[in-house]
Amino acid sequence: MHRRNLLETVLEQALFKSRWLLAPFYLGLVASLAMLLAAFAAELIHAVPNAMRLSEVDSEKVILAVLGLIDLSLAGNLVVIVIFSGYYNFVYKVHTENAEDRPSWMGTLDFSGLKMKLIGSIVAISAISLLRAFMTLTEHDVPVDEPRLRWMLMLHLTFVASGLLFAAMDWIGNRAEKPKEH
């Protein structure tokens, strides 16, 4: 049996405890969640009075405002997923087993699942941004910025392709890890 020396023990303990250096990152993400909430509230406060004054012709402006709110809520969901699953997987197990409002995915989302949720959220956010950009094409007083739309579309397709490649890599990795049955 391998006998551990003092240096090896100290090094391993230091490396193991270094995971706590991630905790401030997650606290920072909580602050960013508060920033998203402030942006959501500001956009909602701005959108509601404007929606009351709009005619049916301007219903597209209401849709654009709602898409902006959805975009912010998806970003907030993404931050919460990263906070919970990152902290749970890399820093410390959160002891909320008996909490009735504990998210069902908490503690079950591994790095691969987190990666898929992240790319899925990024694709959804990109799609909403692209939809918002295309909806402004119907506004008569706004010039069409074709290079910007082209770049947005290419970025969105890149995110979609990345998501598909991540999914394919996970599928291949999972198949390689399973023992073959004869």
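The following dialogue explains how several features of this predicted model are classified.

Visitor: How many aromatic pairs does a search of the whole structure find?

Guide: The search finds three aromatic pairs. One of them joins Trp20 and Tyr87, with 6.3 Å centre to centre and 75 degrees between the planes.

Visitor: Why is the pair of Trp20 and Tyr87 called edge-to-face?

Guide: Rings of Phe, Tyr and Trp (its six-membered ring) pair if their centres lie within 6.5 Å; planes under 30 degrees apart count as stacked, over 60 as edge-to-face and the rest as tilted. The centres of Trp20 and Tyr87 are 6.3 Å apart and their planes stand at 75 degrees, so the pair is edge-to-face.

Visitor: What makes this pair a tie between separate parts of the chain?

Guide: Trp20 lies in the loop between α1 (6-17) and α2 (23-53), whereas Tyr87 lies in helix α3 (residues 59-91), so the pair ties together parts that are 67 residues apart in sequence. Helices (H or I, at least four residues) are DSSP runs, numbered from the N terminus.

Visitor: Which other ring pairs with Tyr87?

Guide: Tyr26 and Tyr87 also form an edge-to-face pair, with 6.2 Å centre to centre and 90 degrees between the planes. This pair links distant parts of the chain, with Tyr26 in helix α2 and Tyr87 in helix α3, 61 residues apart. Ring pairs link Trp20, Tyr26, Tyr87 and Tyr92 into a cluster.

Visitor: What makes Arg19 count as lying over the ring of Phe16?

Guide: A charge sits over a ring if NZ of Lys or CZ of Arg is within 6 Å of the ring centre and within 35 degrees of the ring normal. Arg19 lies over the face of Phe16, at 4.1 Å from the ring centre.

Visitor: How many salt bridges are counted, and by which rule?

Guide: The count comes to three salt bridges. A salt bridge is a side-chain nitrogen of Lys or Arg within 4 Å of a carboxyl oxygen of Asp or Glu.

Visitor: How do you know that Arg132 and Asp71 form a salt bridge?

Guide: The closest N and O atoms of Arg132 and Asp71 are 3.9 Å apart, and the limit is 4 Å, so the pair qualifies. Arg132 lies in helix α4 (residues 111-135) and Asp71 in helix α3, so the pair ties together parts that are 61 residues apart in sequence. Arg132 is partly exposed at 30%, whereas Asp71 is buried at 12%.

Visitor: What makes the pair of Lys115 and Asp170 a salt bridge?

Guide: Their closest N and O atoms are 3.3 Å apart, which falls within the limit of 4 Å. Lys115 in helix α4 and Asp170 in helix α5 are 55 residues apart. Lys115 is partly exposed, with a relative accessible area of 21%.

Visitor: Why is Asp170 called buried, and which residues does it contact?

Guide: At 15% relative accessibility, Asp170 is under the limit of 20% and so counts as buried. Leaving aside its neighbours within four places in sequence, Asp170 is in contact (heavy atoms within 4.5 Å) with Ser112, Lys115 and Met116. Asp170 is found in helix α5 (residues 146-177).

Visitor: Where do Arg150 and Glu146 lie?

Guide: Both are in helix α5, four residues apart, about one turn of the helix. Arg150 is partly exposed, at 47% relative accessibility.

Visitor: Why does Ala133 count as buried?

Guide: Its relative accessibility is 7%, so Ala133 counts as buried. Ala133 is found in helix α4, and its contacts, leaving aside neighbours within four places in sequence, are with Arg148, Leu149 and Met152.

How values were computed. Residues are numbered from 1 along each chain as its sequence is written. This is a predicted model: local features need pLDDT of at least 70, side-chain atom pairs count only at pLDDT 80 or more; totals for chains, interfaces and linings use all residues. Side-chain values use heavy atoms; hydrogens and water are left out. Helices (H or I, at least four residues) and strands (E, at least two) are DSSP runs, numbered from the N terminus. Buried means under 20% relative accessible area, exposed over 50%, partly exposed in between (1.4 Å probe, protein chains only).
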